[in-house]
Amino acid sequence: MEVIIAANANDAGVVVADLIERLLHDKPTAAIGLATGSSPLVVYAELIRRCAAGQLSFSEATAFILDEYLGLTTDHAATYREFLRRELTGRIDLEPERLLGPDTAAEDPRDACAAYEQRIASQGIDLQLLGVGTDGHIGFNEPTSSLSSRTRVKTLTRQTRTDNARFFDSLAQVPHHVVTQGIGTILDARRLVLIACGPSKAEAVARATEGPVSAMFPASALQLHERATIVIDEEAAALLQLADYHRDVYANRPEWQRRG
Ligand code: F6R
């Protein structure tokens, strides 16, 4: 895996925005998988800035939502669609109908999962942006999720509900059920980019990149992908045994690698 250690979270956001800008430059019709949560906000702020400056356009792009709560009304502020609209897609030139996600209003969410999985497969995701939970989850694939799993309904752990309670008025309001792209679905993306910053992510980053590949730590599945990039800040790199090696690799990367 490629591990890029930036000085701070804002610099990490710039590194990821550069990757997305390069992708859209090479392929304006690219499909980008979008995560929610706090980690990608530095990326989204940078993308919004570049779009406003005319440096970047999403006008031909498509975005796929990584995961979504079940049981919330579609206009609830905490839905991930609404979050992404607020934090990114409503502030760039992405066509609103090209922000795709599972149909959480479907009578049987399993049908919605199958339809969403099929929609993703029909186009393929060029770059999937990810964060990582303190328990190693990616998307809402909690520990013990099959590394081959597809888009499906999951039950959140107590830990994740507690972590996410900050987006609700109380813990009781956090839904128990979600739809998430599976780990197998995520691994099908052509490129994976995980961003994690701050001291609370140091252990998760070390386990994801240097620990064994295990369903007990879903983010470790990125080790199975041929093009996975982890962008972290110094605080999140604190427990990496190979931090110096990654700094050397990045500082000495050849010209052709700097371009892509
Ligand atoms: C969000 C998602 C989650 C988050 C993870 C980290 O769409 O899929 O896996 O990426 O919970 O959240 P933050 O970034 O808030 O620490």
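Start at Gly 139: one of its backbone N or O atoms sits 2.7 Å from an oxygen atom of the ligand. That is a polar contact, meaning a pair of N or O atoms within 3.5 Å. A quick note on the model: it is predicted, local features need pLDDT of at least 70, side-chain atom pairs count only at pLDDT 80 or more, and totals for chains, interfaces and linings use all residues. Residues are numbered from 1 along each chain as its sequence is written, and side-chain values use heavy atoms, with hydrogens and water left out.

His 137 puts a polar side-chain atom 2.7 Å from a ligand oxygen atom. For Arg 166, a polar side-chain atom lies 2.8 Å from an oxygen atom of the ligand. Alone, the ligand exposes 410 Å², and the protein buries 92% of that (Shrake-Rupley, 1.4 Å probe).

Who surrounds the ligand? There are 16 residues, with Ser 39, Asp 67, His 137, Gly 139 and Lys 201 the closest (a heavy atom within 4 Å). By class, that shell has five nonpolar, eight polar and three charged residues; Gly counts as polar.

Now the helices. H2, residues 41-52, packs against H3, residues 80-87, at about 45°, axes 10 Å apart. Leu 41, Tyr 44 and Ile 48 of H2 meet Phe 83, Leu 84 and Glu 87 of H3 (heavy atoms within 4.5 Å).

Notes:
A polar contact is a pair of N or O atoms within 3.5 Å; within protein, one must be able to donate a hydrogen and the other to accept it, and residues adjacent in sequence count only if both atoms are side-chain atoms. Axes are lines fitted to C-alpha atoms, for helices over the stretch in contact, and angles run from 0 to 180 degrees between N-to-C directions. Helices (H or I, at least four residues) and strands (E, at least two) are DSSP runs, numbered from the N terminus.
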